[in-house]
Amino acid sequence: MTQESESFDLRWMRLAVAEAYRGQGRVEPNPMVGAVVVQGGQAVGVGYHGYFGGPHAEVVALAQAGERARNGTLYVTLEPCCHHGKTPPCTDAILAAGISRVVMAQRDPFPKVAGGGLAVLVRSGVTVEEGLEAELVHRLNAPYLKRQLTARPYVIGKWAMTLDGKIATASGHSQWISNERSRALVHELRGRMDVIAVGIETALADDPRLTARPSGPRAAIRLVLDSRARLPLDSVLVRSAQAIPVCVAVTGRAPEQRVAALRGSGCEVLSFDTDDRVPIGSLLDRLGERSATNLLIEGGGRLAGAFLDAGELDEVWTFIGPCLEGGTQGAGPVMGRGVQQMHQAARLRDQEVMTLDTDVLIRGTLKQPWQDLRPVPENRLWNA
């Protein structure tokens with residue numbers, strides 16, 4: 001591939017990635033996928049997977065292109081499906097449209113695809129190139145990939161802290177460290193989550209609603225990790241449980257009457273057979289069984305530390321307010337076991353720094369073992 005042709009391909013693949021993001025929060029548990037059909041150096045069809053159960057990106061782009069797709073190139077962020085699910089196989093649509101070349105960023109680990117879509121196209125005489133912008137698409141679909149590879153949801157930790165690293169004062173007061181613009185962004189984030197979780201101490205201190213305001217494309221289950229079932233029946237969460245689902249994770253330490261009272265108030269109770277804290281791995285397994293793709297941890301430090309210790313904190317959003325609290329008693333954002341040597345500390349990758357009026361947002365991902373289960377492919381060319 002010449003430098004000129006690679007630059008040409010990058011242009012269209014990045015457009016496909018931008019299209020894919022338009023489905024964020026609407027397609028889960030499916031992946032976000034974007035597609036572009038190019039003929040004679042021009043985009044003649046553009047599409048994305050818009051909602052769960054809806055037409056796939058390739059089908060949308062090909063329909064827009066019509067006859068202009070014949071002998072054209074299809075750029076797609078994820079391997080086209082080759083099975084009947086909620087929609088017919090995309091490989092059928094590609095072959096029927098007469099596409100001669102497919103450039104895809106990454107294979108789909110879904111067992112009914114997993115290289116099968118690529119094989120169908122190559123056997124039918126279509127030239128397929130894989131690996132272009134694979135790293136970018138890997139980040140785009142990290143929640144989908146984690147769920148496919150581990151059956152667990154992708155975990156985002158979010159907190160606001162002062163310049164001296166506190167998320168609350170010694171008395172527990174925390175409103176507000178961040179500004180209105182930062183809080184609006186948090187509500188956007190909440191609006192695309194499947195589950196929003198807090199620890200019981202945060203629930204007791206803040207009496208939060210844990211809803212997106214205004215509402216987003218998804219309405220998250222509100223989850224409290226509460227091993228002893230201490231969540232008050234007159235809390236905002238419990239009083240609104242009939243309208244918006246509330247789930248309380250408890251252990252064998254929870255009194256039966258408290259569990260019964262929570263259930264009677266409309267909460268779902270997830271029980272774990274342990275006399276210790278709620279086990280993070282088992283909790284994620286239970287959430288994965290419900291097809292939960294994205295989990296947001298809202299607080300506090302013990303909860304974030306528990307997920308970090310378990311190797312299940314995948315992404316971090318840290319809002320830093322321009323204030324200093326001082327003192328020695330204020331709460332920190334991440335607790336848990338911690339490390340003994342600085343080289344053992346978890347470090348962000350792909351980090352972004354954003355200024356939100358007076359606040360600074362730092363966000364990025366943490367390298368986790370599940371990411372090694374399917375390495376990002378090198379660029380490969382497949383011909384019949």
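Two strands pair if DSSP finds at least two bridges between them. Helices (H or I, at least four residues) and strands (E, at least two) are DSSP runs, numbered from the N terminus.

**Ground rules.** I am reading a predicted model, in which local features need pLDDT of at least 70, side-chain atom pairs count only at pLDDT 80 or more, and totals for chains, interfaces and linings use all residues. Residues are numbered from 1 along each chain as its sequence is written, and side-chain values use heavy atoms, with hydrogens and water left out.

**Strand E4.** I looked up the partner of leucine 74 in E4, and found valine 102. Five bridges join strand E3 (residues 73–78) to E4, and the two run parallel. From E3 the chain crosses through helix H3 (residues 90–97) to E4, a right-handed β-α-β crossover. Right-handed means that, with the strands pointing away from the viewer, the path from the first strand over the helix to the second runs clockwise.

Next I turned to E5. Four bridges join E4 to strand E5 (residues 127–130), again running parallel. Here valine 102 stands opposite valine 128. E4, helix H4 (residues 116–123) and E5 form a right-handed β-α-β unit.

How many residues of strand E4 (residues 101–106) are buried? I noted six of its six. Buried means under 20% relative accessible area, exposed over 50%, and partly exposed in between (1.4 Å probe, protein chains only).

**Cores.** I then checked nonpolar cores, each a set of buried Ala, Val, Leu, Ile, Met, Phe, Trp, Tyr and Cys residues joined through side-chain atoms within 4.5 Å. The largest has 57 residues, and those with the most contacts inside it include Val37, Leu74, Val102 and Val128. Helix H2 (residues 57–65) gives the most to this core, with four residues. A second, separate core has 26 residues, among them Leu270, Leu284, Ile320 and Leu366.

**Rings.** I counted one aromatic pair. Phenylalanine 8 and tryptophan 12 have ring centres 5.9 Å apart and planes at 75°, so the pair is edge-to-face. The rule: rings of Phe, Tyr and Trp (its six-membered ring) pair if their centres lie within 6.5 Å; planes under 30 degrees apart count as stacked, over 60 as edge-to-face and the rest as tilted. Both residues lie in helix H1 (residues 3–20), four residues apart, about one turn of the helix. Phenylalanine 8 is partly exposed, at 32% relative accessible area. Tryptophan 12 is buried, at 4%.
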